[in-house]
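Take a first look at the chain below. This report goes from the whole chain down to single residues.

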Amino acid sequence: MLRTVIFDKPQKEIEVQNAIEALLLGRGLNKGIDYDRESGKFEFSGKEYIQILLFLNYHYALK
């Protein structure tokens, strides 16, 4: 699915994040209701990570 919104090789991570968000918006999801970007941190194996996408209704995060 990402190939439908990314035409050239991404140079930065933010380009991939924006493409994923474009897909979510195209599917009718609403930011702040269905998902949120870079909201919150979590710790795993002694390291702290920022959640790139958090799907609020599904209790699922994309790191």
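How far apart are the mean positions of the positive and negative charges of the chain? They are 5 Å apart, with 9 positive and 9 negative charges counted. Note that this is a predicted model.

**The whole chain**

The chain has 63 residues, and 22% of them count as buried. Its C-alpha trace spans about 35 × 30 × 15 Å along the principal axes. The accessible surface comes to about 5,100 Å². Carbon and sulfur atoms hold 54% of that surface.

One helix and five strands make up the list of elements. Their order along the sequence is α-β-β-β-β-β.

**The hairpin**

Strand β2 covers residues 41-44, and strand β3 covers residues 47-50. The two run antiparallel and are joined by four bridges. One of the pairings links Lys41 to Ile50 in β3. Together β2 and β3 form a hairpin, with two residues between them.

Ser45 sits in the loop between β2 and β3. Its phi is positive, at about 50°, although Ser45 is not a glycine. Is Ser45 buried or exposed? Its relative accessibility is 65%, so Ser45 counts as exposed.

| Residue | Relative accessibility | Class |
|---|---|---|
| Gln17 | 7% | buried |
| Asp36 | 25% | partly exposed |
| Ser45 | 65% | exposed |

The cut-offs explain the classes: buried means under 20%, exposed means over 50%, and partly exposed lies in between. Asp36 has 25%, so Asp36 falls in between.

**Gln17 in the helix**

Gln17 belongs to helix α1, which covers residues 13-26. Which residues does Gln17 touch, not counting those up to four places away in sequence? They are Arg37, Glu38 and Ile52. With Arg37 there is also a polar contact between the side chains, at 3.0 Å.

Asp36 is part of strand β1, residues 35-37. Leaving aside neighbours within four places in sequence, Asp36 is in contact with Lys31, Ile52, Leu53 and Leu54. How far apart in space are Asp36 and Ile52? Their C-alpha atoms lie 8.3 Å apart, while 16 residues separate the two in sequence.

Note on methods. Residues numbered from 1 in each chain as written. Predicted model: local features only at pLDDT ≥ 70, side-chain atom pairs only at ≥ 80, totals over all residues. Heavy atoms only, no water. Buried < 20%, exposed > 50% of the residue type's maximum accessible area, 1.4 Å probe, protein only. Polar contact = N/O pair within 3.5 Å; in protein donor to acceptor, adjacent residues only side chain to side chain. Contact = heavy atoms within 4.5 Å. Pairing = 2+ DSSP bridges. Areas by Shrake-Rupley, 256 points an atom, 1.4 Å probe, with all protein chains shown as cover. Lys, Arg positive; Asp, Glu negative; His and termini not counted. Charge placed at Lys NZ, Arg CZ, Asp CG, Glu CD.
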